[in-house]
Amino acid sequence: MAERASHVRAGDVRADAGDGWTIRVTGFDPATAARDESLFALANGALGVRGGVDGVESSSDGTFLASFFEQAPIHYHEKFTGFAFTTDTRVPVADAKHVRVVLDGETVDLAKDPTAALVRELDLATGRFRTSLRFKAANGGTVELATERLASFARPGLLALKLTLKSVDYTGPATLISDLRWGRRAEGQGDDPRIGVSLGSGGVDSHPLTTDGIPTAVRQTARLSRRTALLRQAHVPGAGLSAEAPFLTLDSISQPFHADLTPGQDVTLVKFAAYEWADHDGDEAQLFADAGATLAASQADGWDMIAKEQADDLARFWADADVVIDGDAGLQQAIRFNLFHLYQSTGRDGATSIAAKGLTGEGYEGHYFWDTETFILPVLAFTAPQLARRMLEYRIGRLDRARAHARGMGHGAGALFPWRTIAGDECSAHYPSGSAQYHINADIAFAARLYEEATGDSAFLYAHAAEMLFETARIWPQVGHFNARKGGAFTIHEVTGPDEYTALVNNNFYTNAMAAAHLAHAADLYRRMGNDAPDALAALAARIGLSADEVALWQRAADAMYLPTDPDLGVSPQDDDFLAKPVWPFATTPQDKYPLLLHYHPLAIYRHQVCKQADVVLAMLLAGDRFGPDLKRRNFDYYEAVTVHDSTLSPSTYGILAAELGDSEKAIRYFTETARIDLDDLHGNASHGVHMAAMAGSWLGIAWGFGGLRWQGGTARFAPVLPPGWTRYGFGINWRGRRLRIAVDAAGTTYSLLSGPDLTIQHHGKPVTLTAGRDTTLANGVFPAPVKAIIFDLDGVLTDTAEGHYQAWQRLADELGVPFDREQNEALKGIDRMGSLERILAGSDKVLTDAEKLEAATRKNGYYQDLIARFSPDDLFEGVRDLLLAAKAAGLKLGVASASRNAPTLLARLGIIDLFDHVADAGAIPNPKPAPDIFLSVAAALDVLPSACLGVEDSMAGITAIKAAGMPAVGIGDPGILTEADAVIGHIKQFRLESFVRPA
């Protein structure tokens, strides 16, 4: 398909000129205000506060609690058994972040002063959102307003703010009005199903609480879900501010603080807001008291201590999780921004998880989906494993609801997790692309398996997760069977895979592959528990009625899973009928009709080959240990052509697999799109909240993609490559109680075990043992890009002309009366004729004019030509002709980059000049090796990008030139000398095409 144009980048979000730890927006644009509220949102896993600013009224701003949501009935004209009957909707709660500024009776309003200078910054290192505003009052005086805001990790219900108002040249009264505003209504879906439903004016009741007649708090109650939230606020006014009594309006509690400012004077107000929440109505008095205790402790500790707590918490996270990218400031900024949002939005109590939009907005109603376990949990398993465990605890805590959902879907046993939910019940009104996505069971099982691999925490699975894994495994034999029409293979029917543009199919490849892994893991877990925890297994099996025969059925189904390859196309069919459908008419689909789901009826989409997102390709990644590279390549190429990436989940998967397959250009392109989906608002809906799974995908792109991290069998396996254009990248992982950092640059990969006992990993398939406190640096693999050309040196690679050169130089040296020997001759490898002469003369007292040097070099060349006149095809190195013929048959272009001006003559005498597409004119190259010029000139003549060329050399100068040209290099000779080469072989006859290049 024709590649779709990216969305236009919105707003001025740019990488900080310093260390990449800051997200900054200068000025205020109403068109991007809602997006900015998402980007600058703060959260702590329980509380989320969008990034609205004082002086701006916004209909999209808000505050959320992970545990506070309402339920709304789903209305069907035709409703059938098992349909979802309610949806959970996370609703905005009371908002305490606003402090209005009134100067001489007029409220500061950015809309009234177009000259106001606003700067917003998100500090990723300390977890604080800062704003600075310079504003001119009506009397002509100027003030500066600086604010800081944080949602405390250490105190889950606490929002803390610090505001400083300074007079530049303003004289007069100033009032700071601290507001506690009722939560606004939930946002309506409209024409975009990615947002959610509107509860209208109902659903949530808000009312103020008073103490001794003074309004002090607001309580909110969700009518149907029977959840309660309560908010109290307290203040610490600085010198020069006098507090007035709070007052009540129709939708807020407000408290004024007054000052009289003169030029140079400033006043500071610190505000603390404490949220408490409970299920089933809650005890109002207890909630009030708990909020009061939080406020009292916060006032006693003060802003500085709370801010330090926040910075310390993040410092611990970044010590393990930070990713460093040298070579692209925008990507460095983006990866830290993404990790920050993942960390702050993940639930920490085991009762909540992480929604598709985190706690940054109302997109998808605050629901949890399959991407929580498929994309996000793996990142946290490697960077913050305690949070990954909490995410699994959330699913385990909803197991009874999953059992009830399975019964509603007609299953007599087992558990089926809902497609989208908060409380644990199915919330999708469109079952073909919702409830039918049975793969969510396998996705959760994948996450549990990965968590155990990364942490070694088998005890958690035995004691807590095994019941969930067994109960979910029970579903697969109920939706599939051993199919006699498929040779007895186990087939799965009427499900929907990750590609929501193809629904209700038989044998969705991703579902089958993940189900096979789920069933095999459940059977293995049963066997391991029999050995390691027999009493726990016996008690669990008795409780749920699990028998060894049922487990044996799981293993047989896993072993017989139907995972075919189409005999005509050589690809994995996405389902039984996908390849038989016509391809979507991409060429005639206007750009403004994407995403397709907003413009076409689902049936119109279902009837075509068109993928919303990675499906088969995702199976190649998550179940990749059972598929070979050739099948992965064919699937990548085929499905890329029909995938529109209307889901933000998709580019990361394609980028990771592109890196595994060696396609550096596509790997970088997909990675860049994934990393900056929200900062550049590439899908045009960041205003609804940022995309958590895509953010996770950017970390996976680094670690799983360029770092090559895989984990099967209890061993962390790496295959790092350095992407073209980058000078260095690094990331960290936690692995079974150890902290490990991986840094990759042109010199190789450095593994640093920061803590823990010795660890054996694999580096490009070879075991390496690491010891804490001792760095280990190993050579990078060649980025196995789709090679389109091979560029050879001549002397010492294709034939041996070294003796001829030596004899010619020795004869000239004797005539000039300068010393020369074989050791000096060895140092001339890869150096052009005049450069070689200069080196010979440098070792003597002989001084020649330029004319004399030219004459001497020409004389040496004559001697050399006399010697090579005797060359014939018999002088070609063993294996060269067969190699060149194989390369030509594979469609590769061939070139020669020799410093010798006699290269065409010598190649003709060797009988191979016709096999080359281009031979460099050494005399026309301005800068000789080790400069890259000659290799770049050959690449240009072949019309092939340097990154798609493989250089072959026998000299250090030549290897340096190849690497400087941006090409992978194969050295011929001694690896102790050719240290910059990506791979070194002893002789050209050892060159195996399939070992070093993968034809495009």
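In strand 31, L778 is the residue that stands opposite T749. The structure is a predicted model, in which local features need pLDDT of at least 70 and side-chain atom pairs count only at pLDDT 80 or more, while totals for chains, interfaces and linings use all residues. Residues are numbered from 1 along each chain as its sequence is written, and side-chain values use heavy atoms, with hydrogens and water left out.

Strand 28 (residues 748–755) pairs with strand 31 in the antiparallel sense over three bridges; two strands pair if DSSP finds at least two bridges between them. Helices (H or I, at least four residues) and strands (E, at least two) are DSSP runs, numbered from the N terminus. Both strands belong to an open sheet of five strands with antiparallel pairing, in the order 22-26-27-28-31. Strand 22 (324–326) and strand 31 (776–778) stand at its edges with a single partner strand each, so one side of each has no neighbour in the sheet.

Q255 is found in strand 20 (residues 252–261). At 16% relative accessibility, Q255 counts as buried, a term that means under 20% relative accessible area with a 1.4 Å probe, protein chains only. The side chain of Q255 reaches the backbone oxygen of E244 at 3.1 Å.

Helix 7 (residues 439–455) has 17 residues, which should span 24 Å at 1.5 Å a residue, and its end C-alpha atoms are 24 Å apart, in agreement; the expected span is 1.5 Å times one less than the number of residues. Because 17 of the 17 residues are buried, helix 7 is largely enclosed by the rest of the structure. Just after helix 7, G456 takes a positive phi of about 75°.

Terms used. Buried < 20%, exposed > 50% of the residue type's maximum accessible area, 1.4 Å probe, protein only. Polar contact = N/O pair within 3.5 Å; in protein donor to acceptor, adjacent residues only side chain to side chain.
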